[in-house]
Amino acid sequence: MIQMKLYEAYNQLQEPQKARAARDALATNYLRGTSWFYANEADTDALAEAMHLAEDALVAVAVDHHERAQAMRSSGDPGARVEYDIAARAYAAYLERFPSTDASYEYRFQFADALFYSERYVEAAGEFMTVRDSNLDNRLQADASESVVAALEAYLDNEEKFGRFAMPEMPKQGAEGPFDAQELPAVLQSQIGRASC
């Protein structure tokens, strides 16, 4: 509650950098797994209040960093990836605590987007699949389906760039078979069935 008061005070003083830092602390310092959480785990009232205060702060942190990352990416700033990573961590914390709220469907899509631009493509594909297959809503289903494919393609491109993957050579047009079966690269085998709609 003191951390919330700090955030509100910095807002009233119109000090956006300090307000942002206070809000970020509110969103992250009191969640499950932090030292504060373990020190207070017997105090269920304190934990419930902290989770309540952290919920709004988590959303604000995630959305703020996501918007900043998108603006930075548009201007070609390589620091965008760090902002996407911060947004992804905030979305993940929110979704862990609040997986089935009215807003969680859209926040999961935004989480997947932040993972994608953090270059965590396989994780992004998994989250896009969750959105695609969700029973909470379906308005982002088509976008999520396309994004699954885009994330896996980006992953394979990245693996190819670092020499960890190469597509098998395909038979040339007009070449006569029969052709010997080729072993599918492990990276492709691991994704078979995951991306199917």
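**Entry 1: Asn 29**

I located Asn 29 in the loop between helix 2 and helix 3 (35-39); helices (H or I, at least four residues) and strands (E, at least two) are DSSP runs, numbered from the N terminus. The model is a predicted one, in which local features need pLDDT of at least 70 and side-chain atom pairs count only at pLDDT 80 or more, while totals for chains, interfaces and linings use all residues. Residues are numbered from 1 along each chain as its sequence is written, and side-chain values use heavy atoms, with hydrogens and water left out.

I looked up the accessibility of Asn 29 and found a relative accessible area of 38%, so Asn 29 is partly exposed. On this scale buried means under 20% relative accessible area, exposed over 50%, and partly exposed in between (1.4 Å probe, protein chains only). Not counting residues up to four places away in sequence, Asn 29 touches Thr 34 and Trp 36; contact means heavy atoms within 4.5 Å. I also compared Asn 29 with Gln 3: they are 26 residues apart in sequence and 9.6 Å apart in space, C-alpha to C-alpha.

**Entry 2: Confidence**

I checked pLDDT, the predictor's confidence in each residue, from 0 to 100. The chain averages 87, and 94% of the residues score at least 70. Which helix has the lowest confidence in the chain, and which the highest? The lowest is in helix 9 (residues 186-189), at a mean of 68, and the highest is in helix 6, at 96.

**Entry 3: Helix 6 and helix 7**

I turned to helix 6 (residues 104-117) and helix 7 (residues 121-132), which pack at an angle of about 160 degrees with their axes 8 Å apart. Axes are lines fitted to C-alpha atoms, for helices over the stretch in contact, and angles run from 0 to 180 degrees between N-to-C directions. Helix 6 and helix 7 are therefore roughly antiparallel to each other. The classes are: under 35 degrees roughly parallel, over 145 roughly antiparallel, 65 to 115 roughly perpendicular, and the rest oblique.

Their crossing is left-handed, meaning that the near helix is turned anticlockwise from the far one by less than a right angle; clockwise would be right-handed. On the helix 6 side I listed contact residues including Tyr 105, Phe 109, Ala 112 and Phe 116, and on the helix 7 side residues including Tyr 121, Ala 124, Phe 128 and Val 131. The residues of this contact divide into ten nonpolar, one polar and four charged. Here Ala, Val, Leu, Ile, Met, Phe, Trp, Tyr, Cys and Pro count as nonpolar, Asp, Glu, Lys and Arg as charged, and the others, Gly among them, as polar.

I then looked at Glu 119, which lies in the loop between helix 6 and helix 7. Its phi is near 65 degrees, a positive value in a residue other than glycine. Glu 119 has a relative accessible area of 37%, which means that it is partly exposed.

**Entry 4: Helix 4 and helix 6**

I found helix 4 and helix 6 packed at an angle of about 45 degrees, with their axes 11 Å apart. That makes helix 4 oblique to helix 6. Helix 4 passes helix 6 in a left-handed crossing. From helix 4, Val 59, Val 63, His 66, Gln 70 and Arg 73 make the contact, and from helix 6, Tyr 107, Gln 110, Asp 113, Ala 114 and Tyr 117. By class, I recorded five nonpolar, three polar and two charged residues in the contact of helix 4 with helix 6.

**Entry 5: Two residues in helices**

Is His 65 buried or exposed? I placed His 65 in helix 4 (residues 44-74), and His 65 is buried, with a relative accessible area of 3%. Leaving aside neighbours within four places in sequence, His 65 is in contact with Asp 24, Glu 83, Ile 86 and Ala 87.

Ala 80 is found in helix 5 (residues 80-97). I read 5% relative accessibility for Ala 80, so Ala 80 counts as buried. With neighbours within four places in sequence set aside, Ala 80 is in contact with Ala 69, Met 72 and Arg 73.

**Entry 6: Two further loop residues**

I found Gln 14 in the loop between helix 1 (2-12) and helix 2 (16-28). The phi of Gln 14 is near 55 degrees, a positive value in a residue other than glycine. Gln 14 counts as exposed, at 69% relative accessibility.

I placed Ala 181 in the loop between helix 8 (141-161) and helix 9. At 80% relative accessibility, Ala 181 counts as exposed.
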